[in-house]
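Hello,

Here is the structure I promised to pass on, with my notes below it.

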Amino acid sequence: MSDLILTSNIDGADDFYAELLATHEGLETGDSHALNARLVLILANHIGDREVLSQALRAAKLKEEE
Amino acid sequence: MNKIFETPLYPYARHADEDAPVPARHKVIVVGAGPIGLAAAIDLAQQGIEVVILDDNDKVSFGSRAICFAKRPLEILDRLGAGQPMVDKGVVWNLGKVFFDDRKVYDFNLLPEEGHQRPAFINLQQYYFEEFLVNRVLELQAEGAPIEIRGRNKVSAVGTHPDHVTLEIDTPEGSYNLEADWVIACDGAGSPMRAMLGKDFVGRVFEDNFLIADVIMEADFPTERWFWFDPPFNRGQSALLHKQPDGVWRIDLQLGWDIDKEREKRPENVIPRLKAMLGDDVEFELEWVSIYTFQCRRMEQFRHGRVIFAGDSAHQVSPFGARGANSGLQDTDNLCWKLKLVIDGKAPESLLDSYDIERIHGADENILNSTRSTDFITPKSEMSRMLRDAVLDLSEHYEFARPLVNSGRLSVPCTYDGSPLNSADALNGPERTRPGSPCPDAPLGDGFLLPKLGDKFTLLTIDAEAPDVIEEDGIEVTRLALSVKDDPTLALKERYLGDETSAVYLIRPDQHVAARRASYDETLFRAAIRRATGKE
């Protein structure tokens with residue numbers, strides 16, 4: 001069973017962040033939200049591992065749950 | 001208040017050139033006695049090139065201005081004989097805190113790499129920096145070096161010719177003309193030289209205003225960089241607190257676009273803002289306040305015939321990341337050895353085109369980094385703000401988000417990848433010392449590596465044989481023979497050999513790598529010397 005990675009794992013993090021912002025550039029807020037939703041689903045499919053996905057969902061809530 | 005920025009350091013004195021029947025001709029004239037102009041002049045004079053600095057003022061700059069000096073510029077200043085007073089006076093810092101809303105989200109330690117003579121950063125008011133450089137000019141003069149600084153000499157017209165430049169200069173006693181073989185324009189972001197030549201300066205203006213305040217207080221804030229995103233005392237904006245010498249604190253408060261600058265600058269409006277930030281019980285005195293709007297832009301070309309632009313006159317960045325004065329010093333570091341070889345007839349004039357290529361590469365990297373920081377600090381859309389806030393929220397809980405927090409990517413020197421002066425990498429060595437890279441320092445038992453390099457071409461051999469001197473078409477290269485055993489900490493091995501057992505590096509006068517191989521090869525290194533001097 002693998003664990004969710006919560007330490008730095010992206011090479012060129014600034015480049016990634018700039019590309020993420022560029023992807024949103026020019027979109028209406030609603031379209032931006034829709035893009036984020038699609039992105040979440042695409043990334044989730046790439047991860048695949050159900051346990052890791054559950055950990056990610058909990059992590060995103062920012063609540064320390066035992 | 002008796003501050004150094006109120007005392008004339010190089011007062012006007014009438015010069016014989018003003019009464020000359022025909023304009024006097026100088027080798028190099030530097031326009032502007034800011035940090036970059038002074039550094040350029042010192043660099044040239046140290047190498048025996050006659051240089052005159054003209055400045056429309058006679059004092060160091062007013063207020064703290066550039067306050068954060070990175071390791072590479074300190075190493076350059078060491079080469080110019082002005083590094084030690086900077087480090088002695090400056091405040092060394094490594095720790096920082098990031099705040100979001102009403103809470104601290106994380107703290108960091110820059111953890112500078114061991115085995116360097118100079119610290120990662122120091123904070124020092126620009127007026128001290130300029131004073132140290134003026135002192136160095138006077139020291140060089142006393143040693144008989146051909147350097148001179150003329151206060152209250154304002155350039156009012158420029159004429160460009162294929163082999164020289166003419167300047168018309170206004171002084172308190174009238175105007176006079178000078179000629180120069182070369183002119184280096186270091187007259188700042190508003191560069192009158194650039195305007196007089198009618199050159200472009202395009203880029204992005206950021207719609208924002210920042211209040212900068214130098215505050216004197218006897219507070220027990222630690223020597224750290226504190227950055228606030230959206231704090232309660234400056235809602236929707238950012239704030240920065242940073243320590244300088246003499247109990248002076250630098251405070252930057254983002255104000256937004258639609259403000260009345262004159263009104264915001266008044267003490268009765270500034271002081272309540274600062275009290276909200278520092279707390280009501282902190283005693284402070286306001287030393288200097290300024291409001292600025294910044295731009296990210298550069299000239300399309302830095303060299304225009306015999307007029308060469310360096311520092312803010314050539315490129316401007318946002319202040320986030322301390323890339324202004326730091327990159328300007330890297331400009332003159334790059335330029336001066338090339339100009340020296342061209343003036344001495346040892347390299348073709350086209351060598352100067354590599355200054356454009358290499359420093360435009362540097363400027364673009366700085367503009368990219370500082371633009372990204374600006375976009376993070378001031379999100380342009382609702383979604384970029386949402387993503388930015390998500391990064392900050394996550395950073396409080398998870399390490400992975402911290403590298404994404406961008407309140408300025410602090411200045412590091414660029415590697416001149418793809419420069420026409422580089423020879424192909426022929427060593428399976430570390431990435432960080434590939435051709436084009438600035439040489440990283442390393443401890444050598446009795447001292448450090450970098451002070452042994454610079455001003456001239458060097459052949460650095462590590463456990464490799466090579467001649468002690470090579471002369472190739474007027475360029476003399478002297479060998480510095482080292483062994484991995486010279487550095488018991490193995491930093492030298494790790495930074496210059498990697499998995500290899502020997503290496504030979506050709507190092508430029510600005511301490512950048514021009515070529516490297518595992519062993520010496522006469523034909524290839526002679527070609528590399530020609531290439532590094534614009535002859536191939």
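**What I found**

The C-alpha centres of domain 2 of chain B and domain 3 of chain B lie 46 Å apart. The bounds come from an automatic or database domain assignment, which gives chain B domain 1 (25-92 + 118-201 + 296-366), domain 2 (207-293) and domain 3 (431-532).

Please keep in mind that this is a predicted model: local features need pLDDT of at least 70 and side-chain atom pairs count only at pLDDT 80 or more, while totals for chains, interfaces and linings use all residues. Residues are numbered from 1 along each chain as its sequence is written, and chains are lettered from A and ligands numbered from 1 in the order in which they are written.

**Cores**

Two terms are needed here. A residue is buried if 20 or more other C-beta atoms lie within 10 Å of its own, exposed if 12 or fewer, and partly exposed in between, with C-beta atoms placed from the backbone. A nonpolar core is a set of buried Ala, Val, Leu, Ile, Met, Phe, Trp, Tyr and Cys residues joined through C-beta atoms within 7 Å.

The largest nonpolar core has 77 residues, and among those with the most contacts inside it are B:Ile29, B:Val30, B:Ile184 and B:Ile308. Its largest share, 8 residues, comes from helix 1 (residues 35-46) of chain B. Helices (H or I, at least four residues) and strands (E, at least two) are DSSP runs, numbered from the N terminus. A second, separate core of 31 residues includes B:Phe210, B:Trp249, B:Val289 and B:Val405.

**Where the chains meet**

15 residues of chain A are in contact with 15 residues of chain B. On the chain A side, helix 1 (13-24) and helix 2 (29-47) are the elements that give two or more residues, and helix 1 of chain A gives the most, with 7 residues. The residues on that side divide into 8 nonpolar, 6 polar and 1 charged; here Ala, Val, Leu, Ile, Met, Phe, Trp, Tyr, Cys and Pro count as nonpolar, Asp, Glu, Lys and Arg as charged, and the others, Gly among them, as polar.

**Two sheets in chain B**

Strands pair if DSSP finds at least two bridges between them. An open sheet of 7 strands has the order 6-5-14-15-16-13-17, with mixed pairing. Strand 6 (103-109) and strand 17 (284-292) of chain B each have a single partner strand, so one side of each is left without a neighbour in the sheet. Within this sheet, strand 14 (residues 224-229) and strand 15 (residues 238-244) of chain B pair in the antiparallel sense over 4 bridges, and B:Phe229 stands opposite B:Ser238. Helix 10 (residues 382-397) of chain B packs on the sheet, touching strand 5 (95-100), strand 6 and strand 14 of chain B.

Another open sheet has 5 strands in the order 23-24-22-25-26 of chain B, again with mixed pairing. Its edge strands are strand 23 (469-472) and strand 26 (513-517) of chain B. Strand 23 of chain B runs antiparallel to strand 24 (residues 475-482) of chain B, and 4 bridges join them. Among the partners, B:Val469 is bridged to B:Thr478, and B:Ile470 stands opposite B:Val477.

**Three residues to look at**

Strand 23 and strand 24 of chain B form a hairpin with 2 residues between them, and B:Asp473 lies in the turn. B:Asp473 has a positive phi of about 50 degrees although it is not a glycine. Is B:Asp473 buried or exposed? B:Asp473 is exposed, with 11 other C-beta atoms within 10 Å.

B:Gln511, in the loop between strand 25 and strand 26 of chain B, is not a glycine either, yet has a positive phi of about 65 degrees. B:Gln511 is buried, with 23 other C-beta atoms within 10 Å.

In chain A, A:Asp49 lies in the loop between helix 2 and helix 3 (50-60). With 14 C-beta neighbours inside 10 Å, A:Asp49 counts as partly exposed. A:Asp49 and A:Ser2 are 47 residues apart in sequence but 8.1 Å apart in space, C-alpha to C-alpha.

Best wishes

Notes: Contact = placed C-beta atoms within 7 Å. Axes fitted to C-alpha atoms, helices over the stretch in contact; angles between N-to-C directions.
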